[in-house]
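Good morning, and thank you for coming. Please look at the model on the screen while I take you through its architecture.

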Amino acid sequence: MSQIKDQVIDKLKSIHITLNGKKSNIIDEKFIDDVVIANKKVFLSIKADKSNIEKYNQLKVKVENELSKIDGLDKISVSLTSHNDNQLDKTQSNKSSRKGIDLVSNIIAIASGKGGVGKSTTSINLALAINNLGYKVGILDADIYGPSIPKLIGESKKPKVSDEGKILPIIKFNISIMSIGFLISEGTPMIWRGPMVISAINQMLNDVDWGDLDYLIVDMPPGTGDVQLTMAQRVPMSGAVIISTPQDLALIDAKKGLEMFKKVNVPIIGIIENMSTFICPHCNKETYIFGKEGAEFEAKKQNVDFLGDIPLEVVIRETSDNGNPILSSNPEASVSKKFLSIAEKIVSKVSVSSSTKNPNIIIE
Amino acid sequence: MLLIPVNIVLSKNKKNITLEYSEKSSILDAEFLRVNSPSAEVKGHSPDQKKLVYKKKNVMISGIELIGNYAIKISFDDGHDTGIYTWQYLNDLYQSHDSIWRAYISELRKKGMERE
């Protein structure tokens, strides 16, 4: 067995590449993820850079050709995996034994105390913005009673099931998306008690093939109930983002959301003020419909970061209703840039704060 | 958060767990954890519903499971597995170990119950 492995490694070493003007081979430059050989079959993956996928496809063919020259191999399976450096160590730790949501590097909850403050619209646009920054992103619509994500992305087809019996998320705008709304028709109300909701959430965490996402954005339902508690108990969340309008009434509830996450030790990434101001398209006069800078003030008071504000703009509402979020339909718009700047802040905060580690459980 | 342990070690004989913090470590035994389970089955939903758990001297810990970022769930070999022990609660149990234990023993006596 090990003889075959040596042959495989030798063959791989014979594949030369030029990196930064220096000649080398794909083994020494660590292009290859773990090589597995079993029953005359060889499996390996090439770490590929998404921006240059063509080059890696060529490399893949080359590797397959070289390995096919080895006698005694029945099957050669070469796959491309995309990666970024900061999650490298995570994906390498026994990938095969993990499932469902376990391969996701960072889970971020988008929450508010109150409904109707624009959580889902903000969630989908932030997901797109983080994807624009070069990360693999998914979005989980955890609002069982009022799923809005299907409408916001203009998609209602039923998800497919993989050979292993996992639900495959809907892929749209380069994002993996799952919502209870894909499983029921738009007009059907979910008339469920708590335990049903909890099992639906568990199913969307465990039985969906999320893959090795860098970020999973969870669009939380409003309030502090069953879903929030299940999420906090079932998954180690990297952090929570609170959305609020500047209005006092919304802020009271936002504060409750903050307190809940503090209780379950989920770091607060910060507060986003939505519907911060309205600029009249006719006279360009700015009106603070829900009051001025309320969320920013509250963030200071609660000693959490203020991530930015999103104005009330008719274009956000129109693109949302049309199922083509502003980040996808017009990434150059000024609100799109606001979402991008918030996404940058979130990503940089999460990579710093994820050092708050959970304990290791050791059974002697 | 200083309260989060670095390691949680379940002993070989399943009779105690050691919480290793960055600057100290504390040992809590299975019986103490079992009779002070924060579960609603033990604490009830108000102080007057609190149940006295007895005859647990030989109870063993059958499993520890991480709950989100804030707690562990401890399962015991008597079937009790609904107690979610937050970092804060574990720290409180350790800090006030002696007074909690004395109160437990005196309540056992008062009600004529045994540890075994």
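Let me begin with chain A, which has 12 helices and 15 strands. Helices here are DSSP runs of H or I with at least four residues, strands are E runs of at least two, and both are numbered from the N terminus. Please keep in mind that this is a predicted model, in which local features need pLDDT of at least 70, side-chain atom pairs count only at pLDDT 80 or more, and totals for chains, interfaces and linings use all residues. Residues are numbered from 1 along each chain as its sequence is written, chains are lettered from A and ligands numbered from 1 in the order in which they are written, and side-chain values use heavy atoms, with hydrogens and water left out.

Along the principal axes, the C-alpha atoms of chain A fill a box of roughly 75 × 50 × 40 Å. Of the 364 residues in chain A, 47% are buried; buried means under 20% relative accessible area, exposed over 50%, and partly exposed in between, with a 1.4 Å probe and protein chains only. Among contacts in chain A with a separation of 6 or more, 73% join residues 24 or more positions apart, contact meaning heavy atoms within 4.5 Å.

I turn now to the interior. In soluble globular proteins, nonpolar side chains tend to be buried together. A nonpolar core is a set of buried Ala, Val, Leu, Ile, Met, Phe, Trp, Tyr and Cys residues joined through side-chain atoms within 4.5 Å. Which residues have the most contacts inside the largest core? They are A:Met237 and A:Phe261, in a core of 85 residues. Helix α12 of chain A, residues 334–353, gives the most to this core, with 8 residues. A second, separate core has 22 residues, among them B:Ile17, B:Tyr21, B:Phe32 and B:Leu93.

Two single residues deserve a look. A:Ser123 lies in helix α4 of chain A, residues 119–132, and counts as buried because its relative accessibility is 0%. Beyond four places in sequence, A:Ser123 is in contact with A:Ile110, A:Ile139, A:Ile217 and A:Asp219. A:Ile153 belongs to helix α5 of chain A, residues 149–153, and is buried, with a relative accessible area of 0%. The C-alpha atoms of A:Ile153 and A:Lys172 are separated by 7.7 Å, although the two are 19 residues apart along the chain.

Finally, the helix pairs. The axes of α6 (residues 194–206) and α7 (residues 226–234), both of chain A, come within 9 Å and cross at roughly 40°. Axes are lines fitted to C-alpha atoms, for helices over the stretch in contact, and angles run from 0 to 180 degrees between N-to-C directions. By class, the contact of α6(A) with α7(A) has 6 nonpolar, 4 polar and 2 charged residues. Here Ala, Val, Leu, Ile, Met, Phe, Trp, Tyr, Cys and Pro count as nonpolar, Asp, Glu, Lys and Arg as charged, and the others, Gly among them, as polar.

The axes of α8 (residues 248–263) and α9 (residues 294–302) of chain A come within 11 Å and cross at roughly 35°. Their contact divides into 3 nonpolar, 2 polar and 5 charged residues.
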